[in-house]
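Here are a few notes to read alongside the model. Take them one at a time, with the structure open beside you.

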Amino acid sequence: MITYYSTEHQRHHGVELKDAAIKPSFENPGRADTILAQVRQAALGAVQPGQAHDSSLYVGAHSERYVRFLQQAWSDWTATGQTHDALPLIWPVRDLRSDLEPATIDGRLGFYSMDAGSPITAGTWAAISASADLALTGMATVQAGAPAAFALCRPPGHHAGPEMMGGYCYLNNAAIAAQQARRQGAQRVVVLDVDFHHGNGTQSIFYGRDDVLFVSLHGDPVHCYPYFSGHADETGAGAGLGFNFNLPLSKGTAWPAYQAALQVAAQRVQAYAPDVLVVSLGVDTFEHDPISHFRLASADFVRLGESLAAWGLPTLFVMEGGYMVDDIGRNVVNVLQGFEGGR
Ligand code: OKP
Ligand code: ZN
């Protein structure tokens, strides 16, 4: 299968707050580079650049004003005389006003985020727009008839909601691709999220809709980030009721329980009869991931790919998380090769 990759991701290298200190983020450029190296070494297929798309195609998954905020945030920030990475430090929780968009960048950073995990840096817009464009390019390839494509997106996207960044995510690459599939004629789209963390952003974007089914396997939010979404009783709202399916799993989940949950997901997806599948592919379910708590072994990722192939759907893989940099390339390639072998 074709891998879509852009060097623009290297322009985004931010910080995060960890252990009461500002440190280089776990979400670093080496992640995409090591995945690319393994894709090449495994001869998975061609590696191609993405096509540039107009940012209006990000609207639908996101609001217009949020996309504008992202595009202008760094210049708004430097206009205040600051040159270090911008992080939000205040949020409009419960009793505070969340109906007014602040005029200042300090207020806007909090207004448009859910945590301090997504710094705005000089190269953030270049990287996130290129990342979203890879997902759009991959979707075009799948809609043109390819059985599968891999968008090697970085930064990831599944925590980004209609109007918020967070958890290393800014533009929701998978949701943008799903929305584009609908624009281009797909009637029903499934987004399956296998990242360790709940894809709260994707859930939120499609929560009121029945044309995109969101299915997620993830660490139970009782114990795992993002803590405030991902419970099984979040099943959709309004027209979307019944079209959001969360499968929270305990810390320590290994392949047997994971496979069982995947079978439950498969049944729901089959009943929905989608035209296309978008897989939010996080490999932070790996047993040695430094920030996650499942126990999948490298060989299990082959089985994951084989299982997904059995669904028999045109499939776009969109890269999400995975932080054990030495192993994520192999684990990603295992999924993709398992998928190709299982077809
Ligand atoms: C992004 B993705 C928990 C710290 C959590 C943010 C994690 C974002 C994960 N100790 N920090 O879903 O892989
Ligand atoms: Zn994750």
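1. A definition to begin with: Ala, Val, Leu, Ile, Met, Phe, Trp, Tyr, Cys and Pro count as nonpolar, Asp, Glu, Lys and Arg as charged, and the others, Gly among them, as polar. Please keep in mind that this is a predicted model.

2. Let's start at the ligand. By that scheme, the shell around ligand 1 holds four nonpolar, six polar and three charged residues. Which of the 13 residues around ligand 1 come nearest? They are Gly-167, Tyr-168, His-197, Tyr-225 and Gly-321.

3. Now find the sheet. It is open, with eight strands paired in parallel, and the order is S4-S1-S5-S10-S9-S6-S7-S8. Strand S4 (47–48) and strand S8 (244–249) are at the edges and have a single partner strand each, so one side of each lacks a neighbour in the sheet.

4. For one pairing in detail, look at strand S5 (residues 148–151) and strand S10 (residues 315–319), which are joined in the parallel sense over four bridges. Ala-151 has Val-318 of S10 as its bridge partner.

5. Next, the helices on the sheet. Helix H5 (residues 173–183) lies across S5, S6, S7, S9 and S10, and runs at about 165 degrees to S6. Helix H7 (residues 255–272) touches S6, S7 and S8, and its direction makes about 175 degrees with that of S7.

6. Finally, a helix pair. The axes of H2 (residues 64–78) and H4 (residues 124–143) come within 9 Å and cross at roughly 160 degrees, so the two helices are roughly antiparallel to each other. Leu-70, Gln-71 and Trp-74 of H2 meet Thr-124, Trp-125 and Ile-128 of H4; four of these contact residues are nonpolar, two are polar and none is charged.

Terms used. Residues numbered from 1 in each chain as written. Chains lettered and ligands numbered in written order. Predicted model: local features only at pLDDT ≥ 70, side-chain atom pairs only at ≥ 80, totals over all residues. Axes fitted to C-alpha atoms, helices over the stretch in contact; angles between N-to-C directions. Parallel < 35°, antiparallel > 145°, perpendicular 65-115°, else oblique. Contact = placed C-beta atoms within 7 Å. Near = placed C-beta within 6 Å. Pairing = 2+ DSSP bridges.
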